[in-house]
Amino acid sequence: MKVASMSGIAAAFLLPWSSSHQTVYDRLKHMLPKLSLRGQAGVGIAAFMHNKGVRYKTASRPSHELRAIDKDEQDLEFIPHVAIAHVRDRVCTQGESDDRPTSNRRAASRQLTISLDGALVNAREIRAEVIAQGHTFEGRTDAELLLKLVEHICERDYWRQGLRVNYEHVFREVDERIDGAISALLLDTEGNLVAFRNRYGLRPLEFMQTDDGCLLFASENCAFAGLRGKSDQIVPGYIKYVDGKNGDCLDRSVGDSRRAAKLCAYEALYLGSPDTSIQGRSHLETRYSIGVSLGDLVARQLPAEPGAAPIIISSMPDTGGPYANGLFASLVARGISAERREVIETQITERTLIGPSSERKRRIAHKYRLASADVEKRTILIADEALIRGDTSRTVTNILLAAGVEAVHWAIGSPPIVAPNYYGVNIETIDELAFWRTWKRLSAQQRKQSLLFKDIEPHVLKTIEARIAVSINAATVTYLPFPRLTSLLPRESEGMDLSPFTFEMPTPAGQRRANRDLHNLMADHYSAA
């Protein structure tokens with residue numbers, strides 16, 4: 001079974017007329033640490049130099065070992081003009097390597113290498129088609145699958161005839177055949193670079209041309225911080241092709257413009273760096289504003305005992321900080337006695353959202369620990385961006401209760417997560433979600449009303465909050481209502497995929513799969529009842 005995972009991708013291309021004294025490795029060392037939220041386990045790089053081909057390099061952590069990636073002990077004259085890279089979590093199928101961009105391992109004249117962010121919903125169907133054409137696979141990653149599809153089209157339409165590959169035509173067919181969320185960087189054996197973002201646009205991909213003559217690509221625009229030049233996003237359904245010899249950079253449409261592209265809501269709420277901006281507004285500002293709005297909701301639920309110690313406002317590391325800061329400011333402005341400090345810290349960097357259930361449980365058990373001993377008989381309010389399965393929240397709550405905390409409250413910066421995600425976030429099934437485990441215990445009328453999802457009546461939402469609080473041993477759980485969320489997102493409801501809260505999936509195959517999963521869950525529930 002393949003496990004989809006989040007990734008950060010980046011590339012650097014040094015133009016022939018560049019005045020920069022920095023190498024493509026220097027540029028990657030600048031960008032990759034800023035993408036570390038998208039993958040904490042390792043960095044892989046593929047670099048190309050004419051007459052020397054492609055070389056691969058790896059580092060175990062984006063922020064520590066990158067200083068060594070430009071050293072080639074065996075060939076000091078290897079000075080590439082282009083390189084692609086990824087940062088990833090260590091989540092892959094048994095026996096597969098996830099430590100470098102994926103190569104088709106063909107002869108030098110037809111070698112292709114790809115870095116991928118996102119996931120394919122129709123991977124099974126595409127894999128069967130490619131196998132039927134005579135191709136074989138070493139693993140089950142979507143990066144290898146996309147690469148095999150590109151290779152098959154190149155072989156069929158260009159290589160057999162000795163023709164130069166037209167990547168506009170190649171990726172037009174790719175975009176027509178795949179369903180999912182894909183941003184990718186492709187490097188070929190002539191040093192040509194292709195940046196591709198599929199028509200649904202769920203995964204971001206940004207571009208910059210620096211003033212000193214370097215073309216840069218990255219999953220998020222925070223990677224360009226401190227650099228001078230012009231930047232913009234790669235438009236969904238487009239490729240940006242950079243000629244490996246002369247550096248000419250061309251934009252080409254390859255997608256169906258009839259479908260409006262949307263950015264995944266998880267990017268703004270969770271995946272993206274706080275320093276990344278959408279339409280001039282940073283994720284930090286969005287998350288802080290959500291925290292402020294949460295303060296209005298939780299203020300009336302918190303205990304107000306005369307002479308009681310201030311409520312401690314804390315966050316879930318490492319993404320909940322801006323939410324907690326906004327929440328704290330909001331409560332203080334309302335005259336509530338509160339202090340802002342962290343009570344939980346992490347011992348490992350890998351995210352606990354991603355991975356198989358057994359692997360996730362192991363990481364959760366080892367990741368969190370008490371950060372402060374001075375919590376006995378105190379009330380803790382924790383801000384988090386989402387409550388998805390509830391296992392992490394339960395673990396943290398139990399840690400605090402075991403330390404003598406009086407009560408633990410949770411303020412959640414989003415509505416209930418009601419839908420799976422097949423697009424790289426690794427929420428593959430419905431019944432793993434806390435919402436659906438709670439839904440099964442509601443009355444018949446409440447279950448029916450809950451199926452309105454974003455339009456759930458406030459009193460039914462309160463019942464769901466109370467039941468989820470019990471399931472994680474918390475005093476209360478407070479969700480951000482859907483209308484508040486849409487008013488605080490930079491694009492509001494336009495241009496943002498809100499399927500986690502609406503069950504309205506952003507792609508056709510995703511909707512069919514989600515509908516089937518929902519039908520099976522409800523059928524199993526009612527047959528058991």
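**Figure 1. Overview of the predicted protein.** The protein contains 15 helices and 24 strands. It has 529 residues, of which 58% count as buried. Among contacts between residues at least 6 apart in sequence, 70% join residues at least 24 apart.

**Figure 2. Helix α3 and helix α4.** Two packed helices are described by the angle between their axes and the distance between the axes. Here α3 covers residues 142-157 and α4 covers residues 167-177. Their axes come within 10 Å and cross at roughly 130°. The two helices are therefore oblique to each other, and the crossing is right-handed. On the α3 side, the contact is made by Leu146, Leu149, Val150, His152, Ile153, Cys154, Arg156 and Asp157. On the α4 side, Val170, Phe171, Glu173, Val174 and Arg177 take part. By class, the residues of this contact are eight nonpolar, one polar and four charged.

**Figure 3. Helix α6 and helix α7.** Helix α6 spans residues 283-298, and helix α7 spans residues 321-333. The axes of this pair come within 6 Å, with a crossing angle of roughly 45°. That angle makes α6 oblique to α7. The crossing of α6 and α7 is right-handed. Residues of α6 in the contact include Leu284, Tyr288, Gly291, Leu294 and Gly295. Among their partners in α7 are Pro322, Tyr323, Gly326, Leu327 and Ser330. Eleven nonpolar, five polar and two charged residues form the contact of α6 with α7.

Notes
Residues are numbered from 1 along each chain as its sequence is written. This is a predicted model: local features need pLDDT of at least 70, side-chain atom pairs count only at pLDDT 80 or more; totals for chains, interfaces and linings use all residues. Side-chain values use heavy atoms; hydrogens and water are left out. Axes are lines fitted to C-alpha atoms, for helices over the stretch in contact, and angles run from 0 to 180 degrees between N-to-C directions. Helices (H or I, at least four residues) and strands (E, at least two) are DSSP runs, numbered from the N terminus. Angles under 35 degrees count as roughly parallel, over 145 as roughly antiparallel, 65 to 115 as roughly perpendicular and the rest as oblique. A crossing is left-handed if the near helix is turned anticlockwise from the far one by less than a right angle, and right-handed if clockwise. Contact means heavy atoms within 4.5 Å. Ala, Val, Leu, Ile, Met, Phe, Trp, Tyr, Cys and Pro count as nonpolar, Asp, Glu, Lys and Arg as charged, and the others, Gly among them, as polar. Buried means under 20% relative accessible area, exposed over 50%, partly exposed in between (1.4 Å probe, protein chains only).
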